[in-house]
Amino acid sequence: MGERLFAEFEDVSRYIRIEGVEAGSIAEELGVEVGDNLVRINGNTIRDFIDYKFLITDTYLEVEIIKSNGECWVLEVEKDYDEPLGIEFSEIVFDGLKQCHNNCIFCFVKQTAPNTRKTLNLKDDDYRFSFLGGSYTTLTNLSDEEFARIKQMHLSPLHVSVHSTDPKVRVRMLRNKKAGRILEQIRDLVEAGIELNTQVVLCPGINDGKVLERTIRDLGEFLPNVKSLAIVPVGLTKYRDDLDELRAFTSKEAKEVIKIVKEWQNKFRAEYDNNFIYLSDEFYLLAGEEVPSTDYYDDFLQLENGVGMVRLLLDEFAELEEGLPQKLIECRKVTMVTSVSGTKAIEPIINRLNQIGNLEIQLITVENQYFGPTVTVTGLLTGADILNKLDEVDDLGDLTLIPEIVLNDDGLFLDDLSWADFVKELSNQVVKVKNQGIDLVEKVLGYNFGGVNNDKTSSCDCG
């Protein structure tokens, strides 16, 4: 390994800032530091993290770096095949986000509140996020070069928003003339060996009923390369002026969707030994039906799509239940914040925990005023809505639990209220809780819970 200087790089826009260097790595050994800029590897500019990972697999590399003081280095690296360099970046796309040119009738970006956070107004449709991050792409915004790159580099699995395989319906939903080619594109990818996870945003009266059944049937023909199909209900906010007339599903309609999907699941289960289609938890909560058992979700391929999160939480809690204490030593009152849908999901857990002596948990349901009452999921609650609801509560008790999912990585709520400022507004202890059974139980009980029977009793009378 060594280094040498190179002539200054002509295109400064292609510099990639290095945000981290792993201790003991090749990069650290060669003097790479946070704040340096990566320029090229083996003469190749780097568009994204896919290029970077592909290029560093070689056993000999020439890595061009511009130091933070302006010096230009070439690091000559001899290493094992696929051995990492130890360089970290803050982004996975270096040449700019691929913008979405669809005009979907259900687009959530067009339904955001005025002056909302900038990131909520980004319309992206980037296949690289689909491969690297599990987000969904429609395939309508791909150039021929990008489509060829997916096949050539075997970027699998991809996550594809289908919505409907009926060309006319899909063109209507995406308002993009290219949208009707979806089956042709899927067939092309499958023949190249690419695996897909797919999704449908279901809109009453548009792509449900027989249109949905056609979509299921068409995608099922690509099994096993098309690994799964998630069906999620359309999300509608109160900011829909001058937008298409859409409505939410009723409880009766949700039951009908469950019935249709179950019939198809039975067919796929018999032939392929998996359900293939999975409904988001919202359908079962809306229909007032129990979420399915663990077997229903197979490998939980669509967990990030809200498919199976409730079941996982219930299962995790069930494994801990036998070891719950009968009574706490000291009286303890906990306030648990959640959404309308969240209440339906965790009420059984809260009811069971309230059977523990000297423990009282009050479940506070926050209706979404920011986006409107039709938005019922916990992840879209804002800090202001939570604070306004908690202000109505006479006694918050010893502890208030806030679902961690309402915050981004920077500790901000959707309305840009910071966690630090949020906590200042409450008089008791406030902590974040993960969507995990063990974290919920430990935060509620106030001690590390080992899953053994902690029979903590006392004569304290909490009334």
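Predicted model: local features only at pLDDT ≥ 70, side-chain atom pairs only at ≥ 80, totals over all residues.
Trainee: Which element gives the largest share of the lining of the second largest pocket?
Mentor: The second largest pocket has a volume of about 300 Å³, and 17 residues line it. Two or more lining residues come from each of strand S5 (44-45), helix H2 (49-55), helix H3 (127-133) and helix H4 (144-152). The largest share, five residues, belongs to H4.

Trainee: How many charged residues does the lining of the second largest pocket have?
Mentor: The residues closest to the centre of this pocket are Arg47, Asp51, Arg149, Gln152 and Met153. By class, the lining has five nonpolar and three polar residues, and its charged residues number nine.

Trainee: Which strands stand at the edges of the open sheet of four strands?
Mentor: The sheet has the order S14-S13-S15-S16, with parallel pairing. Two of its strands each have a single partner strand, so one side of each is left without a neighbour in the sheet. These edge strands are S14 (357-365) and S16 (429-433).

Trainee: What is the bridge partner of proline 403 in S16?
Mentor: Strand S15 (residues 399-403) runs parallel to S16, and five bridges join the two. In S16, the residue paired by a bridge with proline 403 is valine 433.

Trainee: At about what angle does helix H11 run to S14?
Mentor: Within the sheet, the twist from one strand to the next averages 25°. Helix H11 (residues 340-353) lies across strand S13 (327-338) and S14. The angle of H11 to S14 is about 175°.

Methods. Residues numbered from 1 in each chain as written. Heavy atoms only, no water. 1 Å grid on protein atoms, 1.4 Å probe; cavity = no way out; pocket = protein on both sides within 12 Å on 5 of 7 lines; lining within 4 Å. Points joined across faces, edges and corners; volume = space filled by probe spheres on them. Nonpolar A, V, L, I, M, F, W, Y, C, P; charged D, E, K, R; others polar. Pairing = 2+ DSSP bridges. Axes fitted to C-alpha atoms, helices over the stretch in contact; angles between N-to-C directions. Contact = heavy atoms within 4.5 Å.
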